[in-house]
Amino acid sequence: MPRARADKDRKIFVLDTSVILYAHNSIMNFAEHDVVIPITVLEELDQFKKGNDTKNFEAREFIRLLDKLSKDQMIHNWTPLNGKTKGNFRVLMNPENQINANEIFGEEKNDHKILNAALYLKQHEKNRKVILVSKDINLRLKAKSLELLAEDYETGKIKNITELENTGKYVLEDVDPEAINKLYEVGYIEAKAVLGTRKRKANAYYILKSDKNSVLAYFNPEENILERVDKKLAYNIKPKNAEQTFALDAITNPRIRLVSIQGVAGTGKTLLALAGALEQRRDYKQIFLARPIVPLSNKDIGYLPGDIKSKLNPYMEPLWDNLKFIQNQYKETDKEFQKITELVNQEKLVIQPLAYIRGRSLSNIFFIVDEAQNLTPHEIKTIISRAGENTKIVFTGDVFQIDTPYLDSQSNGLSYLIDRVKDHPLYAHIKLEKGERSELANLANELL
């Protein structure tokens, strides 16, 4: 099929493998501009197509999408992307360039072949703006050193991460003391009596202060009232500050089916989620506690010695530590201590890597996902979309502590969730600000 008329205002975007593995449909998100896939990207995707991880799914889906778009056309020719407002795409074979990235950087590798593809287009499409798109920061820097335009894949990225910091909790000063007194006496008050004409966010939490007293409150969107929030024990774990009190209230509130808890290390995210789940153990068939596996130095866990259990234990140990901490609130002879052991032995409480749980039916389950900032938006969506009847999901993590190479504070799944689902009546978000692990841990977070 002949290529549509070239227009100098239409750009050419060259996609790196990291973009495809982040979102298989990324090729469709460049408006009227043209998209080029270097053949090296297809070669790399071929290595990723087998497996059960999200990146394997994305690789397979992209290959299917490319096959569907190309139909009976040769993919090295410009082929229209579906839709009148879309541009064209093509796969570019390894070109011969006057400027060779392999020679410049002294090593032949796939990243440099992708750079060569962008350099070739820049040389042969002089009237067009050629932009390399990659989630790999180092590749973008190499591109810029070769005077190539390079940028991150922006679709789905949170524009203003600061706004996420202010989601979920609000402090109101100069509240009528009588309103606070009513909250203490009755337990609830009409929201309008306190919030007036202020915009009300579903499941928001408030610290209400007057010159005489203060109270913690929760906005119930169904009944349009503010309810008093009290500090309460969950399996002998007691909140140590207002934010922890709010988090535990959201975790144990049956109206709220989806919760996210953001906070730095030591703020009690996972501990509160697990304690809250144990407190509600009779309401659910199982408690799942999972976290994504992020291999050290980005090497596959196959590099680690031992069988699969030995390889995975180091990643799961922090979750077991939280469970042991809760269990040790009791004596070994206490029924609560023995109940936790029983739950584990009967697999009513399961601690596993997220990959092991992916694909299972999530009905009548309390599901805690730890370190959710290391998930992609697609992974977050996949987990939530599997929720069946009477399932509650709690995501915990720190959006500024990313351990995977192609995610950042604006593109990770936890940030995406907080931004997209805020103000939904089934969802609550709490940011934990104060470290409660120890004074020494607080010193590290604040001063180092």
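Colleague: What percentage of the 448 residues in the protein chain is buried?
Modeller: This is a predicted model: local features need pLDDT of at least 70, side-chain atom pairs count only at pLDDT 80 or more, and totals for chains, interfaces and linings use all residues. Residues are numbered from 1 along each chain as its sequence is written, and side-chain values use heavy atoms, without hydrogens and water. Buried means under 20% relative accessible area, exposed over 50%, and partly exposed in between (1.4 Å probe, protein chains only). Of the 448 residues in the protein chain, the buried part is 51%.

Colleague: How many helices and strands does the protein chain have?
Modeller: Helices (H or I, at least four residues) and strands (E, at least two) are DSSP runs, numbered from the N terminus. The C-alpha atoms fill a box of roughly 80 × 60 × 45 Å along the principal axes. The protein chain has 17 helices and 17 strands.

Colleague: Which UniProt domain annotation covers residues 11-141?
Modeller: The end C-alpha atoms of this span, residues 11-141, lie 20 Å apart. The span is 44% helix and 15% strand. UniProt positions use the numbering here, feature names are shortened, and annotations may be inferred rather than shown by experiment. The unreviewed UniProt entry calls residues 11-141 "domain: PIN".

Colleague: Is Lys135 buried or exposed?
Modeller: Lys135 lies in the loop between β5 (130-133) and α6 (137-145). Its relative accessible area is 3%. That value is under 20%, so Lys135 is buried.

Colleague: Which side chain makes a polar contact with the side chain of Lys135?
Modeller: Contact means heavy atoms within 4.5 Å. Beyond its neighbours within four places in sequence, Lys135 is in contact with several residues, including Ser18, Tyr22, Asp152 and Tyr406. A polar contact is a pair of N or O atoms within 3.5 Å; within protein, one must be able to donate a hydrogen and the other to accept it, and residues adjacent in sequence count only if both atoms are side-chain atoms. At 3.2 Å, the polar partner of the Lys135 side chain is Asp152.

Colleague: Which residues are linked with Lys135 in a network of salt bridges?
Modeller: A salt bridge is a side-chain nitrogen of Lys or Arg within 4 Å of a carboxyl oxygen of Asp or Glu. The structure holds 19 salt bridges. Linked with Lys135 in a network are Arg140, Asp152, Lys157 and Asp408.

Colleague: How many residues apart in sequence are Asp370 and Arg291?
Modeller: Their side chains meet in a salt bridge (3.2 Å, N to O). Asp370 lies in the loop between β15 (365-369) and α15 (377-385), and Arg291 in strand β13 (residues 286-291). Asp370 is buried at 4%, and Arg291 is buried at 11%. The pair ties together parts separated in sequence by 79 residues.

Colleague: Which residue meets Arg255 in a salt bridge?
Modeller: The side-chain N to O distance is 3.3 Å. The pair links distant parts of the chain, 28 residues apart, with Arg255 in the loop between α10 (242-252) and β12 (258-263) and its partner in strand β11 (residues 225-228). Arg255 is partly exposed at 25%.
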